Amino acid sequence: MPRPVPAIVILGNGSLATARKIQQLYPGALIHGLAERVDGADRVYHEFGATLRQLYQHDTPIIALCAAGIVIRTLAPLLLEKGAEPPVLAVAEDGSAVVPLLGGLGGVNVLAREIAEGLGVAAAITTSGELRFGTCVLNPPSGYALGDLELGKRFVSDLLAGETVRIEGAAPWLAEAQLPHDPGAHLAIHVGSAEREPVANELLIYPKSVVVAVSAEVEDLPDAIRDALHQAKVAAQSVACLLASDQLMASPVLREAALELGVPLRFAAAGSVAELAENAAGQSVSIHADNGIAIAVAEQPLDPLLIGRPRGRLAVIGLGPGAAELMVPAVKAELARANDVLGYETYVRMAGPFRSDQVLHCTDNREEMQRARHAFELAAQGRSVVVVSSGDPGVFAMAAAVLEALHESTDTSWHSVDLEILPGVSASLATAAQAGAPLGHDFCVMSLSDNLKPWDIIEKRLDLAAEADLALAFYNPISRSRPWQLGRALEIVARHRTPETPVVLGRDIGRPGQTLRVTTLGQLTPDQVDMRTMVLIGSSTTCAFPRAEGGDWVYTPRWYGEKPAS
Ligand code: SAH
């Protein structure tokens, strides 16, 4: 398993040089810098506490260049809630001290040593077992899993108290440890994939050397797998992955079973379950096949990333209007896991920065169907693909194009892709929020672009929506190739509205240089609007009043007709 890439968090320019040195140790790691304090960070954040807590909750390893106390106080409210935690380290601004704080079992001491070596200092390791034995016995390398943490803690404290230990099975990483070996010892570290009852004098470590191949027809799959493992006397902790044939890729039964068992799910070209399992395990020592479940045990731990391929994923995401704070957390997480990012170049750049292992496919804004098909081709290979839209992907953007491409396709590998649409804050809502609540009652959203629909239908909808006294939100109001349409649209609206009707113009909302302007229908002319503008036109009840800090609030009341008694 590759280690997750750490985030380097800094509060001021004074830490930048140290942060860059650490960054060189971790390709792809981003430097998060406090807004207005740090120039040239990879990511800008506004609130230290919220940023640190979010990283922690997403299990991102944290390297914070600040006082240890600040980090402790910031994360304290989260510490009791969480079982497994990511490594968290405090590093002195000038690189003179490296202090592992949390995540002893997540490898914080390994990180601390690496960073300290990179900075030419000694890491402040405080873990007694690690100090004594030179390795954390409870933190085996990837490919191995510790049986029981609580038993393990007792075991290590017995060792620290002076007991000796014998090692059963292959534990190559312990060769360098300074353990007090004794073949006749009472304590034993046992490494093996066979099912074994835990006992107090044994530290069980399971190599992840088992592949379980399944066919979805099996009922109560997780239980059936546990039973099959038990029958074969193989430890569930040693399962490296579940494997099934490509045809079962979209099966929710398999997906849930893998989740419940906490193992990755991989797919390979069709074959019997026994063949699947055996091919995957390579130099397998044993095979057990029964009732659609086959278990293969290899001699060495297996890397699930090298077995078959995962189900591909395609997420169509909305970035929101532009500002990072308005991007939903699910979208941020999706961008972090993406292998490929597709979209109009401006939006792809807005979604960044990206790690060097992420592939960007920037295209022209008009090639939507081609982009959608390309996204499926990539996802069908098992990659994790993101298609980016600004605002919300379902509002005049990529989600509909992606679904259209899928609907037209008979390719089962496309239909097997794990497709998800993740929403964003649409420009009309972001603009409305800044102006007050102009869309506070019924409203109608329209694109004035006649690229993909006849102008007649636009006129008809405008006329009816204006007649119905809906507030109006215009996307794509004008462009160089569509110069006259907005003027015509305003004429139609003016048939049903007074010239005093409030109008809100939001340009580049949530982006650098944003402007918000409140005017009236009578004063609005097309030259005040460009393709980066959102046009909101009030209904007959929309009103405006001055706000203390200058400018106006605009809102449409919740009621219609007579104001209810309050
Ligand atoms: N999916 C996008 C809309 C794409 S259509 C969304 O949900 O917001 C593009 C139009 O959206 C532009 O012509 C403009 O009218 C509007 N728009 C997009 N981003 C905007 C922003 N930041 N500020 C104002 N208008 C914006």
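A residue counts as buried when its relative accessible area is under 20%. With that in mind, welcome to a short tour of this predicted model.

**Figure 1. The whole protein chain, as an overview before the close-ups.** By that cut-off, 47% of the 566 residues of the protein chain are buried. The chain exposes about 27,200 Å², and carbon and sulfur atoms supply 53% of that area. Along its principal axes, the C-alpha trace spans about 95 × 60 × 50 Å. The secondary structure comes to 17 helices and 28 strands. Contacts reach well along the sequence here: among those between residues at least 6 apart, 62% join residues at least 24 apart.

**Figure 2. An open sheet of 6 strands.** Reading across the sheet, the order is S3-S2-S1-S4-S5-S6, and the pairing is mixed. Strand S3 (43–45) and strand S6 (98–102) each have a single partner strand, so one side of each is left without a neighbour in the sheet. From one strand to the next, the twist averages 25°. For a look at one pairing, follow strand S5 (residues 88–91) and S6, which run antiparallel and share 4 bridges. Valine 88 has leucine 102 of S6 as its bridge partner.

**Figure 3. Helices H2 and H3 against the 6-stranded sheet.** Helix H2 (residues 48–57) packs on the sheet and touches strand S1 (7–10), strand S2 (30–34), S3, strand S4 (62–65), S5 and S6. The direction of H2 makes about 165° with that of S1. Helix H3 (residues 68–79) lies across S4, S5 and S6, and H3 runs at about 10° to S6.

**Figure 4. An open sheet of 3 strands.** Here the strand order is S21-S28-S27, again with mixed pairing. Strand S21 (436–437) and strand S27 (543–546) stand at the edges; each has a single partner strand, so one side of each lacks a neighbour in the sheet. S21 pairs with strand S28 (residues 552–555) in the parallel sense, over 2 bridges.

**Figure 5. A nonpolar patch on the surface.** Four side chains to find in this view are Phe396, Leu429, Phe443 and Val445, which together have about 330 Å² of accessible area. Leucine 429 belongs to helix H15 (residues 427–435). Its relative accessible area is 44%, and leucine 429 is therefore classed as partly exposed, the class that lies between buried (under 20%) and exposed (over 50%).

Key: Residues are numbered from 1 along each chain as its sequence is written. This is a predicted model: local features need pLDDT of at least 70, side-chain atom pairs count only at pLDDT 80 or more; totals for chains, interfaces and linings use all residues. Side-chain values use heavy atoms; hydrogens and water are left out. Two strands pair if DSSP finds at least two bridges between them. Axes are lines fitted to C-alpha atoms, for helices over the stretch in contact, and angles run from 0 to 180 degrees between N-to-C directions. Contact means heavy atoms within 4.5 Å. Patches are made of residues with over 30% relative accessible area and no salt bridge: like charges are joined within 9 Å, nonpolar side chains (Val, Leu, Ile, Met, Phe, Trp, Tyr) within 5 Å. Accessible areas come from the Shrake-Rupley method with a 1.4 Å probe; for residues, only the protein chains shown count as cover. Buried means under 20% relative accessible area, exposed over 50%, partly exposed in between (1.4 Å probe, protein chains only).
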